[in-house]
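The exercises below are to be worked with the sequence and the three-dimensional model side by side. Each task is followed by a solution that goes step by step.

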Amino acid sequence: MRIASFNVNGIKARLPRLLEWLAGSAPDIACLQELKTSDETFPEAAIRDAGYGAVWHGQKGFNGVAILARGTDPTEIRRGFPGDLPDAQSRYIEATVDGMVVASIYLPNGNPQPGPKFDYKLAWFESLIEHAESLRSRDTPVVLAGDYNVVPTDEVCDIYSTRSWTKDALLQPETRAAWRRLLDAGWTDAVRTIHPGVPMYTFWDYLRNRWPRDAGMRIDHLLLNSAAAARLVDAGVDRDVRGCERASDHAPAWTVLGA
DNA sequence: ATGCCTGTCTGGGACAGA
């Protein structure tokens with residue numbers, strides 16, 4: 001069972017690349033972020049023609065998350081967190097696929113920092129941590145996949161260099177403390193567990209030639225509860241996707257869970 | 001301090017992204 005997370009940066013502009021990647025990488029489950037389109041304009045037919053059922057939580061122009069499942073329809077559990085206001089940003093959707101719980105997460109960027117956007121990021125993170133705790137102890141696999149907008153450490157395995165990023169919301173101690181609390185509660189970072197100490201970047205800014213320089217950072221993550229971690233077989237990043245024409249600025253991260 | 005690039009809203013240029 002291959003489960004992937006891909007920030008597409010606009011599903012309409014990215015549809016050809018998305019379909020190529022689905023055909024080539026053939027994930028059983030694909031969690032998408034930054035759809036940048038409303039519920040009504042999600043390209044459901046093209047996704048279905050590619051062999052995937054889907055649930056999605058869109059928003060006009062910004063944000064937006066989806067869960068795709070090959071050969072089956074995910075069953076939506078919730079969109080947003082319990083207690084969210086009705087106009088909350090579209091950053092969380094959760095579904096069951098073959099008895100497994102899967103969430104697609106688009107955690108707020110939080111820049112500029114400090115400021116209200118950073119406060120919103122930290123508050124959203126708290127809601128995620130609280131909700132994740134209600135899922136963690138299930139005896140069936142749970143996967144929280146998405147763009148967390150967190151660079152976990154300053155190490156080269158997580159970021160090419162911190163020089164241009166020391167004030168960025170993705171590297172702040174408060175951001176990392178929230179990430180650490182989530183993991184310490186009992187979630188396994190699939191990609192880092194399979195590839196300890198190795199650069200596994202998932203994002204390269206469009207600016208400043210950062211892809212050709214491999215000036216990337218690791219911000220897309222797949223977190224596993226103990227039932228899923230017990231089945232962890234493999235994980236990685238589909239880097240080649242970032243090198244395509246009209247690519248997203250993110251590459252898909254993925255994990256494989258055995259039977 | 002700003003622009004560097006890209007997508008989305010629009011139908012030019014602002015905003016958001018990270």
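**Exercise 1.** How many bridges join strand 3 to strand 4, and do the two run parallel or antiparallel?

*Solution.* This is a predicted model, in which local features need pLDDT of at least 70, side-chain atom pairs count only at pLDDT 80 or more, and totals for chains, interfaces and linings use all residues. Residues are numbered from 1 along each chain as its sequence is written, while chains are lettered from A and ligands numbered from 1 in the order in which they are written.

Helices (H or I, at least four residues) and strands (E, at least two) are DSSP runs, numbered from the N terminus. Strand 3 and strand 4 (residues 65–70) are antiparallel and are joined by six bridges, and within this pairing A54 stands opposite L68 of strand 4.

**Exercise 2.** Classify the packing of helix 3 against helix 4.

*Solution.* The axes of helix 3 (residues 116–136) and helix 4 (residues 173–184), as lines fitted to C-alpha atoms over the stretch in contact, with angles from 0 to 180 degrees between N-to-C directions, come within 10 Å and cross at roughly 5°. Helix 3 and helix 4 are therefore roughly parallel, a class that covers angles under 35 degrees.

The contact (C-beta atoms, placed from the backbone, within 7 Å) involves L122, F125, I129 and A132 of helix 3 together with E174, A178, R181 and L182 of helix 4.

**Exercise 3.** Which residues come nearest to DNA strand B?

*Solution.* Being near requires a C-beta atom, placed from the backbone, within 6 Å. Of the 22 residues around DNA strand B, those that come nearest are G10, A13, K36, N109 and Y206.

Technical notes: Angles under 35 degrees count as roughly parallel, over 145 as roughly antiparallel, 65 to 115 as roughly perpendicular and the rest as oblique. Two residues are in contact if their C-beta atoms, placed from the backbone, lie within 7 Å. Two strands pair if DSSP finds at least two bridges between them.
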